Amino acid sequence: MDGYTITPLKLGTITRKKSNMVYGAEDTPAEFPLLAFLLEGFGLKLLVDTGGSAPDGTRWMPYTRTPEESLPAALAAAGAEPEEIGAVFFTHLHWDHAGNNTLLPHAQFYVQWAEYGYIAAEERPGYERELVLQSKYKLLDGDVQNVLPGISVLLTPGHSAGSQCVIAATPEGPVVLAGDLIPTCENLARNAPNGGHYDRNLIAASMARVTALNLRVLLGHDAAVFRSCSETRRNEKG
Ligand SMILES: [Zn+2]
C-alpha cells in the first residue's frame, strides 16, 4: 500500500502554563516541543507546518531553539533538503507553525482561506503577521479531498479562525496531523480542548469531529509523536 512516511521534526521548545495547552489543567509552567512533520511518499516531500523563526526574545511565550533544531538542520538529519520540499500544509499560521516559510524556495503553501483572511485583515495576537504575509498561499476553502496524492484536509476551526487538520495516507492507513486542535496526549485523555482557543464551542466541535474518525492522531506539541512514529517506521522495515 502506497503512502507517506512521516517524520516529526523537533524545532524548539516552548514554555507555557499547562492550562494554556490543556483546558482545565493546572497553571504550572511546562515545556512543550515545537513540531513540524516531514512527509515523504508518492515521489513528493512535503511539510506540515514550518516551525518558528529564530528566537529573539520577542515571541508570544518563552521559546528556545538549539542549532540542531533549526528547520534546515532538522531536515538534514531526516535526509531532506529545504529545496526538495514541494509543498507545505499549514495547520494554522501562528508564529510557531509558520515562521520558516522563506527557507523553502520551491514549496507551494496551502492554508485555509479563513485562517489567511483572519491574519490578512489586521494584526492579531499569536501571529508573526509581517513574516507570514510575505508568502503567497494557495487558499483552501473547507474540507478538500486529495489536494495532493494521499493528502486531504479538514477544516477544523476553534484553536484559530481557520485551523485545519491534514489527513495523510500511510502504509498503515490514514493518519491525522491535528496541529493545535489536539496538541498533547492529555487533551485526548481528558477530552479537553486546547486551552488557547479562538472559539471554545468551535474547538470542541472540531475535536469531536476528528476523534470520531477513529484514526491515529499526530499531536501538535507532544514528544509522544517521536515514540509512535518510530514504532511506525520499525513496522515498515520489518
Ligand atoms: Zn497555535
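Strands here are DSSP runs of E, at least two residues long, and helices are runs of H or I of at least four, both numbered from the N terminus. Two strands count as paired if DSSP finds at least two bridges between them.

Before you click further, note that this is a predicted model: local features need pLDDT of at least 70, side-chain atom pairs count only at pLDDT 80 or more, and totals for chains, interfaces and linings use all residues. Residues are numbered from 1 along each chain as its sequence is written.

**Stop 1**

Now colour strand 10 (residues 164-168) and strand 11 (residues 175-179), which run antiparallel and are joined by three bridges. To find one of the partners, pick Ile167, whose bridge partner in strand 11 is Val176. Strands of a sheet pair through backbone hydrogen bonds, either parallel or antiparallel.

**Stop 2**

Select strand 3 (residues 44-48) with strand 5 (residues 87-89): three bridges pair them in the parallel sense. Leu46 has Ala87 as its bridge partner in strand 5.

**Stop 3: helix 3**

Show residues 113-121. Which residues of helix 3 are buried? They are Glu115, Tyr116 and Ile119; buried means that 20 or more other C-beta atoms, placed from the backbone, lie within 10 Å of the residue's own. Look down the axis of helix 3: the directions from the axis to the C-beta atoms of its buried residues fall within an arc of 95 degrees, so they line one face of the helix. These buried residues pack against strand 6 (108-112), helix 4 (129-132) and strand 7 (137-140), where contact means C-beta atoms within 7 Å, placed from the backbone.

**Stop 4: the core**

Finish with the largest nonpolar core, which has 60 residues. Such a core is a set of buried Ala, Val, Leu, Ile, Met, Phe, Trp, Tyr and Cys residues joined through C-beta atoms within 7 Å. Strand 2 (residues 29-41) gives the largest share of this core, seven residues. Phe37, Val88, Phe89, Ala168, Leu177 and Leu218 have the most contacts inside it. Centre on Ala168: not counting residues up to four places away in sequence, its contacts include Tyr4, Ile6, Leu39 and Leu177.

Methods
Buried ≥ 20, exposed ≤ 12 C-beta atoms within 10 Å, placed from the backbone. Contact = placed C-beta atoms within 7 Å.
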